[in-house]
Amino acid sequence: MKHSRLPAIVTWLVMGFFYLPILVLVANSFNSSRYGGQWESTSLKWYIRLMGERDIWQALRNTLAVAVSATLASMVLGTSAAFALHRFVGSRLQKLHYGLIYMPLVIPEILMGLSLQLFFVSLNVELSLVTIGIAHVTFCLSFVTMTVLARLQDFDFSIVEAAQDLGAGWWTSLWRILIPMLAPGILAGGLLAFTLSIDDFVISFFVAGLGSTTLPIKIYSMIKYGSPPLINALSTILLTVTFVCVLGSHYLSNKGQKAA
Amino acid sequence: MSEILEFVDVSKHYGAIKAVDHVSLSVKQGEFFSLLGPSGCGKTTLLRILAGFEQPDTGRVILGGQDVTDLPPYERKVNTIFQSYALFPHLSLWENIAFGLKVAKRPKKEIKEEVDKMLALIQMEDQAWKKPDQISGGQKQRVAIARALINKPRVLLLDEPLAALDLKLRQRMLIELDLFHDEVGITFLYVTHDQGEAMSLSDRIAVMSHGSIEQLGTPAEIYEAPRTSFVAAFIGDTNFFDGIVAGPLQKHSPFGGTRPVPVDKEYSRLIIGDLPDLECYNDKQIKEGERIFLSVRPEKLRISREPPKTAPHLNVIEGTVEDVIYLGAQTKYWVKVGAYRISVIQQHSRFLLDEIPIKWQEHVWLSWHADDGFMLEKYDEQDENLILTPPEEVGETMEDVPIAVAASEEEYRGDSAAEVPVS
């Protein structure tokens with residue numbers, strides 16, 4: 001039987017649509033011309049120029065501060081939530097709990113952003129990096145919870161019983177056995193949360209205050225008022241970091257699967 | 001020997017299901033004690049209650065004279081070998097074994113000495129730094145034992161520890177377990193559904209069914225004198241005859257005269273369907289006219305072509321051979337007698353080729369002494385599946401003890417035939 005070529009063609013077209021723009025962006029970041037239309041010569045000029053941009057570095061620092069704290073907070077909260085969901089599976093309250101945790105994954109971001117802004121404003125909280133961080137936790141939490149929950153589903157809990165049987169109280173079994181064994185899942189969820197946090201624009205845009213510009217917001221304003229080649233270089237760096245994180249997360253969850 | 005462990009009237013319910021139903025038993029210091037029963041009989045729940053993973057609804061658990069009912073698992077001086085071994089996958093074998101001592105914050109030097117001693121005991125010194133997923137099932141089992149024994153528990157709990165191993169390995173681990181027990185002298189509480197394992201390892205066995213203990217005794221007591229038909233069918237192979245007690249046996253008068261014949265209160269006469277009347281030793285109080293089951297183990301039956309010499313208290317029945325299975329050390333016959341299919345096991349103590357073996361369709365005589373049968377009450381409908389277990393399945397676990405329960409379907413159909421009114 002002759003195989004149809006259609007699936008292959010469709011696949012390549014989809015890949016092209018998805019990745020060609022990104023490739024153009026990456027390529028242009030090495031183009032010394034100011035305008036993307038023509039190729040002058042290959043250079044790292046924009047990357048070097050980027051070094052001198054104080055605003056961008058400040059934005060990067062903000063982004064990292066938000067991402068790291070939101071990730072750490074959601075790792076703790078998400079793991080605890082996953083435990084509760086796993087332990088009391090089937091109870092009505094936990095079904096509601098699951099729904100609440102799942103919601104941010106499907107809810108439109110603009111809605112999240114808007115409602116969070118209204119929430120902070122009505123409480124008279126000054127918009128700042130802290131509010132961005134709190135906003136990020138709301139969706140990062142879901143990713144960590146889902147990843148850890150998946151790991152808990154095929155976890156042999158007689159191992160925890162064994163630890164208690166050998167004299168470990170619940171605190172010791174948590175730190176010596178449970179957390180180390182779940183670490184790949186928690187870290188994978190955390191890395192995923194981290195990547196989502198560093199490139200979040202919509203929600204951050206709503207809850208950012210004066211002086212709390214994050215990198216995506218900075219890029220947005222640079223497109224409006226600044227120079228595109230610099231953005232290309234910056235985006236390429238951001239892309240690389242995100243890519244490495246996703247790869248790491250994938251590797252960790254695979255490794256965790258094998259260990260279980 | 002003193003009592004190390006006591007269950008006092010322990011019950012545990014899950015909703016409407018009685019997992020453990022008012023169980024009391026005590027285990028002696030140094031004993032190898034088994035809880036034996038089919039799945040769902042409550043043996044594992046009882047073990048988990050002792051380990052502290054389950055709270056009993058009623059009753060107390062006394063360990064070494066101390067009431068431990070309300071203590072958490074980590075404060076009880078017992079250790080468990082889990083069915084899945086439950087080794088810590090992220091720790092090396094050395095760290096796995098050291099875990100208990102580390103948690104107890106013992107000095108480093110002592111931990112090292114003890115762990116090395118344990119590794120020597122299980123003969124795995126050279127593999128100390130491997131991870132659990134790098135070793136075989138039998139080795140995991142040994143590490144699990146070492147990890148538990150290093151804490152010097154008052155009682156070592158073993159939850160079906162051999163169930164996950166293949167047959168050959170199971171037989172080897174059986175011997176190793178026995179050696180470990182002799183070597184360390186710790187009390188073992190062993191949970192299993194495999195009667196072969198329980199019989200070969202245990203000092204005493206508690207046979208459990210539906211949350212309570214059916215019988216407690218040494219393997220020989222349980223095999224030779226089962227108190228209920230459940231025990232008779234679950235432990236080993238047996239034939240059941242469904243009959244009615246016709247009353248005490250009439251003693252043979254030494255003078256053969258017409259004088260009133262004294263009654264032999266030790267033996268009863270039984271009416272079994274269309275078979276000749278049988279005799280059985282009265283091992284318990286039985287009323288005349290009561291419906292009973294006569295159980296006779298296959299190896300207690302003698303099979304012969306010629307009618308056996310008559311002797312006092314010898315039961316003799318005639319039948320036709322329906323099936324012959326030659327098993328090397330022994331031969332198994334299925335003999336049709338009336339409505340019954342009776343299983344007979346004959347050991348070959350002499351050179352067989354000189355004899356003319358009994359063949360299919362031959363007319364034979366079966367005989368057994370009245371002392372070798374025992375009378376039991378009728379078994380539950382629920383236990384029927386158990387009795388019908390095909391012989392091959394269980395027969396693998398032990399060679400010397402005839403295992404597997406057998407009673408043919410005809411016996412159940414035979415029920416109606418046996419209900420002859422006693423005159």
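Where in chain B is the place of B:Ala104? The loop between α2 (93-103) and α3 (108-121) of chain B holds this residue. Keep in mind that we are looking at a predicted model.

Let's stay with B:Ala104 for a moment. B:Ala104 has 13 other C-beta atoms within 10 Å. Buried needs 20 or more, and exposed means 12 or fewer. So B:Ala104 counts as partly exposed.

Next, chain B as a whole. The chain has eleven helices and 20 strands. It runs to 423 residues, and 42% of them count as buried. Now take the contacts between residues at least 6 apart in sequence. Of these, 67% join residues at least 24 apart.

How confident is the predictor? Mean pLDDT for chain B is 81. In this chain, 83% of residues reach 70 or more. But look at residues 387-423 of chain B. There, pLDDT stays under 50. The model still has 71 contacts beyond four places in sequence for that stretch. Be careful with them. Where pLDDT is low, predicted coordinates should not be read in detail. For the complex, the predictor gives an ipTM of 0.72 and a pTM of 0.74.

Last stop, chain A. Helix α5 covers residues 109-122, which is 14 residues. At 1.5 Å a residue, this helix should span 20 Å. Its end C-alpha atoms are 20 Å apart, so the two agree. Just after α5(A), A:Asn124 takes a positive phi of about 60 degrees.

Notes. Residues numbered from 1 in each chain as written. Chains lettered and ligands numbered in written order. Predicted model: local features only at pLDDT ≥ 70, side-chain atom pairs only at ≥ 80, totals over all residues. Helix = DSSP H or I, 4+ residues; strand = E, 2+ residues; numbered from the N terminus. Contact = placed C-beta atoms within 7 Å. Expected span 1.5 Å × (residues − 1). pLDDT = per-residue confidence, 0-100.
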